Amino acid sequence: MTEIDHDDAAAPGLAAIAWRVACPRCGRGPLFDGFLAVAPECRACGLSLAGHDSGDGPAVFLIFILGFLVTPAALWVGMTTAWPLWLHAVVWTVVVLGLTLGMLRPAKAAVIALQYRHRRDVSDEPL
Ligand SMILES: [Zn+2]
C-alpha cells in the first residue's frame with residue numbers, strides 16, 4: 001500500500017473550495033473543464049482528478065436544500081399575493097433553474113473535496 005502524503009493542514013476549507021470551484025488539494029487550479037466535467041488533473045498542483053466522480057450526490061443535495069427553501073417561499077407568495085398561475089409558473093421556474101444551475105458547480109466541488117479528504121483510495125492515486 002502506498003503512503004499518500006496529504007497536507008490537510010494546508011488544504012483550503014470546504015467552503016472555500018466550493019465557493020471557488022477549485023482543486024480540493026491546493027484550492028488554486030480549476031476543478032472543471034467546461035460546466036460540469038471534472039478536469040483530468042489540477043493545472044496548479046498536478047493532482048489527478050480523474051478518479052473523482054461525485055455522481056448524483058450534488059443533485060440530490062440541491063433537490064433537498066432548494067425544495068426546503070423554495071417550496072415555502074412559493075406557498076407564502078401564493079397565499080399573500082394574487083398572482084395568476086402563469087406568473088407563478090414563470091417566476092418559480094426561473095428561480096429554481098437559476099438556483100440549481102448556480103449552485104450545482106459549488107455543490108459538486110464540495111462533494112469532490114469531501115471525497116478527496118475521506119476516500120483515500122481515490123485521492124492521489126492515478127487510475
Ligand atoms: Zn491543485
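This is a predicted model: local features need pLDDT of at least 70, side-chain atom pairs count only at pLDDT 80 or more; totals for chains, interfaces and linings use all residues.
For my helix angles, axes are lines fitted to C-alpha atoms over the stretch in contact, and angles run from 0 to 180 degrees between N-to-C directions.

**Helix pair.** I looked up how α2 (residues 57-80) sits against α3 (residues 85-118), and got an angle of about 150° with the axes 9 Å apart. Over 145 degrees counts as roughly antiparallel, so that is what I call α2 and α3. I also noted that their crossing is right-handed.

Next I listed who makes the contact. From α2 I find, among others, Phe61, Leu62, Leu66 and Val70, and α3 brings residues including Trp92, Val95, Leu99 and Met103. Sorting the contact residues gave me 17 nonpolar, three polar and one charged.

**Zinc site.** Which protein donors does the zinc ion have? I find the SG atoms of Cys23, Cys26, Cys42 and Cys45, lying 2.2 to 2.3 Å from the zinc. The angles came out at 106 to 116°, so I put the arrangement down as tetrahedral. The spacing in sequence reads C-x2-C-x15-C-x2-C.

Last, I placed two of these: Cys26 is in the loop between α1 (14-20) and β1 (32-33), while Cys45 is in the loop between β2 (37-38) and α2, so this pair ties together parts 19 residues apart in sequence.

Key:
Residues are numbered from 1 along each chain as its sequence is written. Side-chain values use heavy atoms; hydrogens and water are left out. Helices (H or I, at least four residues) and strands (E, at least two) are DSSP runs, numbered from the N terminus. Angles under 35 degrees count as roughly parallel, over 145 as roughly antiparallel, 65 to 115 as roughly perpendicular and the rest as oblique. A crossing is left-handed if the near helix is turned anticlockwise from the far one by less than a right angle, and right-handed if clockwise. Contact means heavy atoms within 4.5 Å. Ala, Val, Leu, Ile, Met, Phe, Trp, Tyr, Cys and Pro count as nonpolar, Asp, Glu, Lys and Arg as charged, and the others, Gly among them, as polar. Donors are N, O and S atoms within 2.8 Å of the metal (3.2 Å for Na, K and Ca); water is not among the atoms, so sites may look incomplete. Four donors count as tetrahedral if all angles lie between 85 and 135 degrees; four count as square planar and six as octahedral if opposite donors are over 155 degrees apart and all others between 65 and 115; anything else is irregular.
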